[in-house]
Amino acid sequence: MKPKVIVYKKMDEKVLNFIRETCEVIYFEKLHSDVYPTFLEELKDADALLGSGLKVDEDLLDHAPHLKIVCNTSVGYDNLDMGELSKRNIIATNTPDVLNDTVADTIFGLLLATARRMPELDQFVKNGEWKETLKEEHFGVDVHHKTLGIIGMGGVGSAIAKRAHFGFDMDILYYGRSRKKEEEGTYNAIYCSLEELLQKSDFVCLMTPLTPQTEGLMGKREFELMKQSAIFINGSRGKTVDEEALINALRAEEILGAGLDVFAQEPVSPDSPLLSMKNVVTLPHIGSATAETRLKMAMLGAENLVAGLKGETPPNLIKGSIGVK
């Protein structure tokens, strides 16, 4: 009998057919209230889960006594209760690296758009307000030859540093859990404390995963340490930032502006003060959102899944996950 796999996110037929070669697939293009009872029923004898964003915790796992592997089609895995999965001997995987360049393109584009006020001035033109030579009040700030501070020099952080160093002659500061000798040699990146990074950077780019240690990492004190002329970019997770502290820092002009691809609540509330601030550029969490990259992520997730069910080591075991049973 083939192992039973539940796919709970929209997937390309190529991915589904790859899994179907070795597994029985139960496919939910989207989980909503109408199908959720059926989903829970199918969980009772499922061997694997594939998708992203679903909260996989004690309550959900109680409905899945035969589960062997949970595969996220994302690099982030804050939706997974790793302690509970390990306790139940369930393997967990994600899809890092395959999205590094795409996300780095997005985040550097967000940095440029914020610095040069592109969305604001696009609307300025479309509203018919461009009637004379642009005034100084609409000027942006240069990006080239400035200092970029990257908090979290993982795969995406490194790809951002590459663009900044080779494309814009920027000086790179970084802070994280460990030194990155390759980035230091290739991009002249300098490892420093978080405080020093915040005080010296013209652009602060937050790229850490969401963990108990990084939740609320950027708060009132951190924004106060930044230059008044500095711009904050968040491409990590919304909850790594105290949003109220960010809003207050922007209102008090403690920092120049912010570019955000993520929010504490997603979709962001229409009432959020961030949406009415001209010096804030907002995106709907589009970091890896290209057709090419999402297909690669889904296929990598499927490869992780099939390998794990075969008793092989999946290519992308999450740190802290159990080994193959």
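Predicted model: local features only at pLDDT ≥ 70, side-chain atom pairs only at ≥ 80, totals over all residues.

**Entry 1: Thr 214**

I started with Thr 214, which sits in the loop between strand S9 (203-206) and helix H10 (220-225).

Is Thr 214 buried or exposed? Its relative accessibility is 12%, so I put Thr 214 down as buried, the cut-off for that being under 20%.

Next I asked which backbone atoms the side chain of Thr 214 reaches. A polar atom of that side chain lies 2.7 Å from the backbone oxygen of Pro 209. A polar atom of the Thr 214 side chain also lies 2.8 Å from the backbone nitrogen of Thr 211.

Setting aside neighbours within four places in sequence, I found Thr 214 in contact with Thr 208, Pro 209 and Thr 240. Thr 240 was my next stop.

**Entry 2: Thr 240**

I found Thr 240 in the loop between S10 and H11. With 0% relative accessibility, Thr 240 counts as buried.

What does Thr 240 touch, not counting residues up to four places away in sequence? I noted Leu 206, Thr 208, Pro 209, Leu 210, Thr 214, Glu 215, Gly 216, Leu 217, Met 218 and Asn 234. The side chain of Thr 240 also reaches the backbone oxygen of Arg 237, at 2.6 Å.

I then looked along S9. Phe 203 and Cys 205 point one way from the strand, Val 204 and Leu 206 point the other way, and all are buried.

How many bridges join strand S6 (residues 147-151) to S9? I found four, and the two strands run parallel. Ile 150 stands opposite Cys 205 in S9. S9 is also joined to S10 by four bridges, again in parallel. In S10, Ile 233 is the bridge partner of Cys 205.

**Entry 3: the sheet**

Stepping back, I wrote down the strand order of the open sheet: S8-S7-S6-S9-S10-S11-S12, seven strands with parallel pairing. Strand S8 (190-191) and strand S12 (280-282) are the edge strands, each pairing on one side only.

Leu 173 stands opposite Ile 190 in S8.

Which helix packs on the sheet, touching strand S10 (231-234), strand S11 (257-260) and S12? I noted helix H11 (residues 243-251), whose direction makes about 145° with that of S11.

**Entry 4: H11**

I stayed with H11 to see what is hidden there. Glu 243, Ala 245, Leu 246, Ile 247, Ala 249 and Leu 250 are buried. The cover over the buried residues of H11 includes H10, S10, S11 and S12.

At the start of H11, a side-chain oxygen of Asp 242 comes to within 3.2 Å of the backbone nitrogen of Glu 244. After H11 comes Glu 253, with a positive phi near 60°.

- The peptide bond from Glu 266 to Pro 267 is cis, with omega near -5°; Pro 267 is in the loop between S11 and S12.
- Arg 117 has a positive phi near 55° and is not a glycine; I found Arg 117 in the loop between helix H5 (100-115) and helix H6 (118-126).
- His 285, also a residue other than glycine, has a positive phi near 55°; His 285 lies in the loop between S12 and H12. At 30% relative accessibility, His 285 counts as partly exposed.

**Entry 5: H1 against H12**

At what angle do helix H1 (residues 13-20) and helix H12 (residues 291-309) pack? I noted about 10°, with the axes 9 Å apart. Angles under 35 degrees count as roughly parallel, so H1 and H12 are roughly parallel to each other.

From H1, the residues that meet H12 are Lys 14, Val 15, Phe 18 and Ile 19. On the H12 side I listed Leu 295, Ala 298, Met 299, Ala 302, Glu 303, Leu 305 and Val 306. The residues of this contact divide into nine nonpolar, two charged and no polar.

Definitions and conventions:
Residues numbered from 1 in each chain as written. Heavy atoms only, no water. Axes fitted to C-alpha atoms, helices over the stretch in contact; angles between N-to-C directions. Parallel < 35°, antiparallel > 145°, perpendicular 65-115°, else oblique. Contact = heavy atoms within 4.5 Å. Nonpolar A, V, L, I, M, F, W, Y, C, P; charged D, E, K, R; others polar. Pairing = 2+ DSSP bridges. Buried < 20%, exposed > 50% of the residue type's maximum accessible area, 1.4 Å probe, protein only. Polar contact = N/O pair within 3.5 Å; in protein donor to acceptor, adjacent residues only side chain to side chain.
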